[in-house]
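Subject: Structure handover and notes

Dear colleague,

Please read them with the structure open beside you.

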Amino acid sequence: MRDASLASMSLVLLANEAGIETITMSGYDSEQLKSALNISDRYLDVILIAMGKGMKEGHKTVRHDVSKVIYKNKI
């Protein structure tokens, strides 16, 4: 799971840098996914990532200052 998550994060970051819109999806039905895409039960689905060209500009997100989310030598 950790390796797949890190690979997914890298894929999303590189795609966004290349101008490709991405979004990760959760809350899907794994069995329906495998059935619809004819994926063997041998494989474990970890994450779904939609990628493509956006039809319009996405909304901006709030980014917190790094000093508000990282603490050094304190809790």
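The notes below take the pocket, the salt bridge, the surface and a few distances in turn.

This is a predicted model, in which local features need pLDDT of at least 70 and side-chain atom pairs count only at pLDDT 80 or more, whereas totals for chains, interfaces and linings use all residues. Residues are numbered from 1 along each chain as its sequence is written, and side-chain values use heavy atoms, with hydrogens and water left out.

The pocket

The largest pocket has a volume of about 310 Å³. A pocket here is an open set of points, on a 1 Å grid over the protein atoms alone, where a 1.4 Å probe fits and with protein on both sides within 12 Å along at least five of seven lines, and its lining residues have an atom within 4 Å of a point. Grid points are joined across faces, edges and corners, and the volume is the space filled by probe spheres set on the points. Its lining is made up of V12, N16, E21, T22, I23, T24, E57, G58, H59, K60, T61 and R63. Both α1 (2-17) and β1 (21-25) supply at least two residues of that lining, and β1 gives the most, with 4 residues; helices (H or I, at least four residues) and strands (E, at least two) are DSSP runs numbered from the N terminus. By class, the lining has 2 nonpolar, 6 polar and 4 charged residues, where Ala, Val, Leu, Ile, Met, Phe, Trp, Tyr, Cys and Pro count as nonpolar, Asp, Glu, Lys and Arg as charged, and the others, Gly among them, as polar.

The salt bridge

Side chains of opposite charge can pair when their charged atoms come close. The structure holds 1 salt bridge, defined as a side-chain nitrogen of Lys or Arg within 4 Å of a carboxyl oxygen of Asp or Glu. The partners are D45 and K34, with their closest N and O atoms 3.9 Å apart. Because D45 lies in the loop between α2 (30-36) and β2 (48-52) while K34 is in helix α2, the pair ties together parts that are 11 residues apart in sequence. Both D45 and K34 are buried, a term that means under 20% relative accessible area, with exposed meaning over 50% and partly exposed in between (1.4 Å probe, protein chains only).

The loop and the surface

N38 lies in the loop between α2 and β2 and has a phi near 55°, a positive value in a residue other than glycine. N38 counts as exposed, at 70% relative accessibility. I47 lies in the loop between α2 and β2 and is partly exposed, with a relative accessible area of 34%. Together with M1, L44 and V46, I47 makes a nonpolar surface patch of about 390 Å²; such patches are made of residues with over 30% relative accessible area and no salt bridge, their nonpolar side chains (Val, Leu, Ile, Met, Phe, Trp, Tyr) being joined within 5 Å. Accessible areas come from the Shrake-Rupley method with a 1.4 Å probe.

Distances

A36, found in helix α2, is exposed at 66% relative accessibility; A36 and M55 are 19 residues apart in sequence and 26 Å apart in space, C-alpha to C-alpha. M51 lies in strand β2, and M51 and T24 are 27 residues apart in sequence and 9.0 Å apart in space, C-alpha to C-alpha.

With best wishes

Note on methods:
Patch = residues over 30% accessible without salt bridge, like charges linked within 9 Å, V, L, I, M, F, W, Y side chains within 5 Å.
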